[in-house]
Amino acid sequence: GLPPANQVRQAALEFCLMGTHGLTAPAGMSLITNRLTQDWWLPCPEESTIWQHVCQDQMPTMVAGESAYYPDLVAEMWYAVDITSLYAGWSQEAFPNYGLAVSTDDTWVRAWFYSSQYDEDPSLRPRLVIEYQTIFPLKLPLPGGRRGWLLTTEAGGGDCATDRVDE
């Protein structure tokens with residue numbers, strides 16, 4: 001499973017850029033994640049079942065999310081959007097997880113990112129990267145009836161009664 005929100009330092013959604021088209025005006029681009037607030041898998045009846053496009057009149061409602069600006073775009077490079085606050089909301093059940101709508105804010109740049117269906121090289125699919133620290137609960141007093149314990153990274157720790165040097 002995924003770590004609880006109180007252990008997460010950062011959660012980022014990363015995308016690998018396949019390529020761009022239309023870099024005639026500003027070469028930069030913002031990646032924007034919008035949190036979906038309802039179920040959205042309603043395909044258009046006239047669309048192919050392979051792509052499952054969402055019809056304009058069936059667009060799900062969204063809440064503005066996080067964004068990240070990248071001034072230079074390079075193919076086969078990874079670009080990330082920090083979604084730590086969204087992860088915390090989902091993890092703590094502050095709101096349901098219906099997914100994210102990812103878009104750009106620049107009409108001059110068309111960027112293609114590898115999708116989760118890309119099967120030639122699965123390592124290029126979008127990925128969720130979570131940095132976290134495990135919190136170990138310590139209950140005091142520690143067992144053993146000794147004067148104290150030294151917490152170490154070594155198995156078994158150390159006995160403060162014999163390992164400690166008093167100044």
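Modeller: The discussion below sets values against definitions, beginning with the basis of the model.

Modeller: This is a predicted model, in which local features need pLDDT of at least 70 and side-chain atom pairs count only at pLDDT 80 or more, while totals for chains, interfaces and linings use all residues. Residues are numbered from 1 along each chain as its sequence is written, and side-chain values use heavy atoms, with hydrogens and water left out.

Biologist: Why is the contact between Glu14 and Arg127 called a salt bridge?

Modeller: The term requires a side-chain nitrogen of Lys or Arg within 4 Å of a carboxyl oxygen of Asp or Glu. For Glu14 and Arg127 the N to O distance is 2.6 Å, so the pair qualifies. The count by this rule is one salt bridge. Glu14 belongs to strand E1 (residues 8-21) and Arg127 to strand E8 (residues 127-132), so the pair ties together parts that are 113 residues apart in sequence.

Biologist: Are these two residues buried or partly exposed, and how do you know?

Modeller: Buried means under 20% relative accessible area, exposed means over 50%, and partly exposed lies in between (1.4 Å probe, protein chains only). Glu14, at 15%, is therefore buried. Arg127, at 35%, is therefore partly exposed. In the chain of 167 residues, buried residues make up 28%.

Biologist: How do you know that Arg127 lies over the face of Trp78?

Modeller: A charge sits over a ring if NZ of Lys or CZ of Arg is within 6 Å of the ring centre and within 35 degrees of the ring normal. Arg127 lies over the face of Trp78 at 3.6 Å from the ring centre. The charged end of Arg35 likewise sits over the ring of Phe95, 3.8 Å from its centre.

Biologist: Why is the pair Tyr70 and Tyr79 described as edge-to-face?

Modeller: Rings of Phe, Tyr and Trp (its six-membered ring) pair if their centres lie within 6.5 Å; planes under 30 degrees apart count as stacked, over 60 as edge-to-face and the rest as tilted. A search of the whole structure finds one aromatic pair. Tyr70 and Tyr79 are 4.8 Å apart, centre to centre, with 80° between the planes, and are therefore edge-to-face.

Biologist: What else does Tyr79 touch?

Modeller: Contact means heavy atoms within 4.5 Å. Leaving out residues up to four places away in sequence, the partners of Tyr79 include Glu14, Leu31, Tyr70 and Phe113. Tyr79 is buried, at 5% relative accessibility.

Biologist: What makes a group of residues a nonpolar core, and which residues have the most contacts inside the largest one?

Modeller: A nonpolar core is a set of buried Ala, Val, Leu, Ile, Met, Phe, Trp, Tyr and Cys residues joined through side-chain atoms within 4.5 Å. The largest has 17 residues, and those with the most contacts inside it are Ala11, Leu31, Tyr79, Ile83 and Phe113. At least two residues each come from E1, strand E2 (29-36), strand E5 (78-82) and helix H1 (84-91). E1 supplies the largest share, five residues. In soluble globular proteins, nonpolar side chains tend to be buried together.

Biologist: How do you know that E2 is mostly covered, and with which strands does E2 pair?

Modeller: Seven of the eight residues of E2 are buried. Thr33, in strand E2, is buried at 0% relative accessibility. Two strands pair if DSSP finds at least two bridges between them. Met29 has Tyr70 in E4 as its bridge partner, Ile32 stands opposite Ser103 in E6, and Arg35 is partnered by Val63 in E3.

Technical notes:
Helices (H or I, at least four residues) and strands (E, at least two) are DSSP runs, numbered from the N terminus.
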